[in-house]
Amino acid sequence: MVKILIADDQELIRESLKIVLDMNSNMEVIGLAENGVEVLEILKKNVPDIILMDIRMPELDGVLCTKSVKEKYPNVKIIILTTFDDDEYIYNALKYGASGYLLKGCSVQELTAAIQKVMSGNSILNSNILNKVVKLFNQMAQVNISIEVDEDDVKELNNTERNIAHLVGNGLSNKEIAEKLFLSEGTVRNSLSATLSKLHLRDRTQLAIWSVQTGLALKLD
């Protein structure tokens, strides 16, 4: 059973999402919050598997709440609920450990599929705005927000690990990477874990950002 917490400042959206998700036999909404402060209070009593996090909320927005949640509860997955004009918010939420984002207004099928995908250890980079986010990553990588990796650690990556980092940076899932590189999903998972360990990165989202920032996402060995 996947335990879900919904955080959104609009009551209609919170209640609608709860109704839709509770219809799934393997999903249970354990809490509703209208801002980040309420999210942190709920987590003190009941820790979910995943949080659907609105990005713009009063008192404590989804970006800073994501940062706090991942610092205190690193195993909790977070999917950001966003609109097209939330570019900078999306970038920072991913930087702080969100597993991806969904556009508000997505279908029920897209929502449930996204939750299942994230619970399987994958990230969500919606193909409709992937190019937009990659462009944003490149722009912001030139400013003051970055994922720092030691160059000596980068040299430890073998060709397979570099190729996986490249494809993660382009938003591909483990299954898609396996098909692209003609590897088994198990090999991809093991190589991804090795890549994260060598680069001292927390998760594939940080790897994706680093890959884009360094330009690795633009080329393949």
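**A walk through the predicted fold**

At 13% relative accessibility, serine 191 counts as buried, where buried stands for under 20% relative accessible area, exposed for over 50% and partly exposed for what lies in between (1.4 Å probe, protein chains only). This is a predicted model, in which local features need pLDDT of at least 70 and side-chain atom pairs count only at pLDDT 80 or more, while totals for chains, interfaces and linings use all residues. Residues are numbered from 1 along each chain as its sequence is written, and side-chain values use heavy atoms, with hydrogens and water left out.

Serine 191 sits in helix α10 (residues 185-199); helices (H or I, at least four residues) and strands (E, at least two) are DSSP runs, numbered from the N terminus. Once neighbours within four places in sequence are set aside, serine 191 is in contact (heavy atoms within 4.5 Å) with Thr160, Glu161 and Ile164. The chain as a whole has 11 helices and five strands, and 52% of its 221 residues count as buried. Among contacts in the chain with a separation of 6 or more, 68% are between residues 24 or more positions apart.

The largest nonpolar core has 45 residues, of which Val39, Ile51, Met53, Val69, Leu207 and Trp210 touch the most other members. Such a core is a set of buried Ala, Val, Leu, Ile, Met, Phe, Trp, Tyr and Cys residues joined through side-chain atoms within 4.5 Å. Apart from this core lies another, of 17 residues, including Leu102, Leu111, Ala114 and Ile124. Methionine 53, leaving aside neighbours within four places in sequence, is in contact with Ala7, Val39, Gly62, Cys65, Thr66, Ile78, Ile79, Ile80 and Leu81. Cysteine 65 is itself buried, with a relative accessible area of 0%, whereas cysteine 106 is partly exposed at 26%. The structure holds zero disulfides, a disulfide being a pair of cysteine sulfur atoms within 2.5 Å.

Two helix pairs can now be followed. The axes of helix α8 (residues 159-169) and helix α11 (residues 204-214) come within 8 Å and cross at roughly 95 degrees. Axes here are lines fitted to C-alpha atoms, for helices over the stretch in contact, with angles running from 0 to 180 degrees between N-to-C directions. α8 is therefore roughly perpendicular to α11, given that 65 to 115 degrees counts as roughly perpendicular, under 35 as roughly parallel, over 145 as roughly antiparallel and the rest as oblique. Ala165, His166, Val168 and Gly169 of α8 make this contact with Arg204, Leu207, Ala208, Trp210, Ser211 and Val212 of α11.

Helix α1 (residues 11-22) packs with helix α5 (residues 108-119) at an angle of about 70 degrees, the axes being 11 Å apart, so these two helices are also roughly perpendicular to each other. Here Leu17, Val20 and Leu21 in α1 meet Val108, Leu111, Thr112 and Ile115 in α5.

Two loop residues close the tour. Phenylalanine 182, in the loop between α9 (174-181) and α10, has a phi near 60 degrees, a positive value in a residue other than glycine, and counts as exposed at 75% relative accessibility. Histidine 200 lies in the loop between α10 and α11; its phi is near 55 degrees, again positive in a residue other than glycine, and at 62% relative accessibility histidine 200 counts as exposed.
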